[in-house]
Amino acid sequence: MGTGRLYAAVAAGGFRRYATYRVATAAGVFTNTVFGFILAYTYMALWHEKPHLGGYDQGQALTYVWVGQAMFAVMVLGSVGFEEELIERIRTGDIAVDLYRPVDLQMWWLAADMGRALFQLLGRGVIPMVCGALFFDLALPSGPLPWIACLVAVALGALVSFAIRYIVALWAFWLLDGAGAMQITWLTGVFFSGMLLPLNVFPGALGDLARLLPWSALLQAPADVLLGEADPWGTYAFQLAWAAVLLAVGRLIQSAATRKVVVQGG
């Protein structure tokens with residue numbers, strides 16, 4: 001089997017693995033939809049008091065809410081993905097088996113995570129977005145091109161998300177317990193991705209910093225592409241730049257870890 005076909009099979013396996021969790025998926029759809037309604041009514045009250053806050057009108061703000069709910073599981077905002085399993089394999093020493101495989105460790109986990117992200121987009125992203133469109137007056141584009149441009153930004157955002165979480169997981173080679181790092185990453189991601197509020201609402205230097213950080217590529221960037229508030233090509237360049245940097249950092253940490261493997265148990 002060629003390398004490309006191998007990683008495609010790994011991605012398909014990641015998709016099928018999450019597809020088996022039907023009850024969890026249904027619960028996630030329900031939770032995202034409920035939180036979407038709560039945030040939507042909160043945003044309606046906020047934008048009623050401050051119209052055009054952050055440059056959005058109310059329809060755009062409501063659209064942002066439902067894009068966020070659609071991206072919640074895709075970008076692993078406030079939850080965990082492959083990193084929990086990878087940290088456990090490092091802790092127990094099972095990672096030694098992975099290192100002996102004739103495949104690249106980073107690419108293996110990337111392929112699996114892309115399969116997961118695709119399932120979460122279809123399984124937990126579409127229904128909340130449809131519910132939002134049915135019950136609220138959203139500023140959705142009428143033509144296909146903005147949707148296609150947004151999907152490209154979503155794919156690149158998922159790549160950045162993986163790169164961040166891969167770095168965090170690899171620190172378990174030295175920390176041996178990655179729970180603390182995962183919690184910090186979760187809190188940072190929720191805040192700086194714009195999950196709570198759009199980053200263009202953040203004041204002054206904080207807003208400027210937040211838009212420069214990699215977490216803005218996860219939610220704010222795809223949302224602004226869909227809303228027509230950002231140049232797609234500039235957004236892609238920003239996302240690709242962060243993806244390249246973070247993947248390179250992950251590869252450096254991976255190389256250091258494989259030279260001096262520290263495991264506990266196993």
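Me: Where is Ala-210 found?

Reply: In this predicted model, Ala-210 is found in helix 10, residues 204-212.

Me: What makes Ala-210 count as buried?

Reply: Buried means under 20% relative accessible area. Ala-210 has 0% relative accessibility, so Ala-210 counts as buried.

Me: Which residues is Ala-210 in contact with, leaving aside neighbours within four places in sequence?

Reply: Contact means heavy atoms within 4.5 Å. On that basis Ala-210 is in contact with Phe-192, Leu-199, Phe-202 and Ser-216, once neighbours within four places in sequence are left aside. As for Ser-193, it is 17 residues from Ala-210 along the chain, and the two C-alpha atoms are separated by 7.9 Å.

Me: Which residues make the contact between helix 1 and helix 6, and how do they divide?

Reply: Helix 1 contributes Tyr-7, Val-10, Ala-11, Gly-14, Phe-15, Tyr-18 and Ala-19. From helix 6, the residues include Met-107, Trp-108, Ala-111, Gly-115, Arg-116 and Phe-119. The residues of this contact divide into 13 nonpolar, three polar and one charged.

Me: What is known of the largest nonpolar core?

Reply: The largest nonpolar core has 71 residues, and Met-71, Met-75, Leu-86 and Tyr-166 have the most contacts inside it. Helix 7 (residues 144-170) gives the most to this core, with 16 residues. Leaving aside neighbours within four places in sequence, Leu-86 is in contact with Ile-95, Trp-109, Tyr-166 and Ala-169. A second, separate core of six residues includes Val-10, Ala-11, Val-103 and Ala-111.

Me: Why is Gln-60 called buried?

Reply: The cut-off for buried is under 20% relative accessible area. Gln-60 has 11%, so Gln-60 is buried. The place of Gln-60 is in helix 3, residues 58-71. Apart from neighbours within four places in sequence, Gln-60 is in contact with Gly-55, Ala-139, Leu-227 and Glu-229.

Me: What is the phi of His-52, and of Val-76?

Reply: Most residues other than glycine have a negative phi. His-52 is not a glycine, yet has a positive phi of about 60°. Val-76, also a residue other than glycine, has a positive phi near 55°.

Me: Why is Thr-31 called partly exposed?

Reply: Thr-31, found in helix 2, has a relative accessible area of 36%. Buried needs under 20% and exposed over 50%, so with 36% Thr-31 is partly exposed. Thr-31 and Asp-98 are 67 residues apart in sequence and 35 Å apart in space, C-alpha to C-alpha.

How values were computed
Residues are numbered from 1 along each chain as its sequence is written. This is a predicted model: local features need pLDDT of at least 70, side-chain atom pairs count only at pLDDT 80 or more; totals for chains, interfaces and linings use all residues. Side-chain values use heavy atoms; hydrogens and water are left out. Helices (H or I, at least four residues) and strands (E, at least two) are DSSP runs, numbered from the N terminus. Ala, Val, Leu, Ile, Met, Phe, Trp, Tyr, Cys and Pro count as nonpolar, Asp, Glu, Lys and Arg as charged, and the others, Gly among them, as polar. A nonpolar core is a set of buried Ala, Val, Leu, Ile, Met, Phe, Trp, Tyr and Cys residues joined through side-chain atoms within 4.5 Å. Buried means under 20% relative accessible area, exposed over 50%, partly exposed in between (1.4 Å probe, protein chains only).
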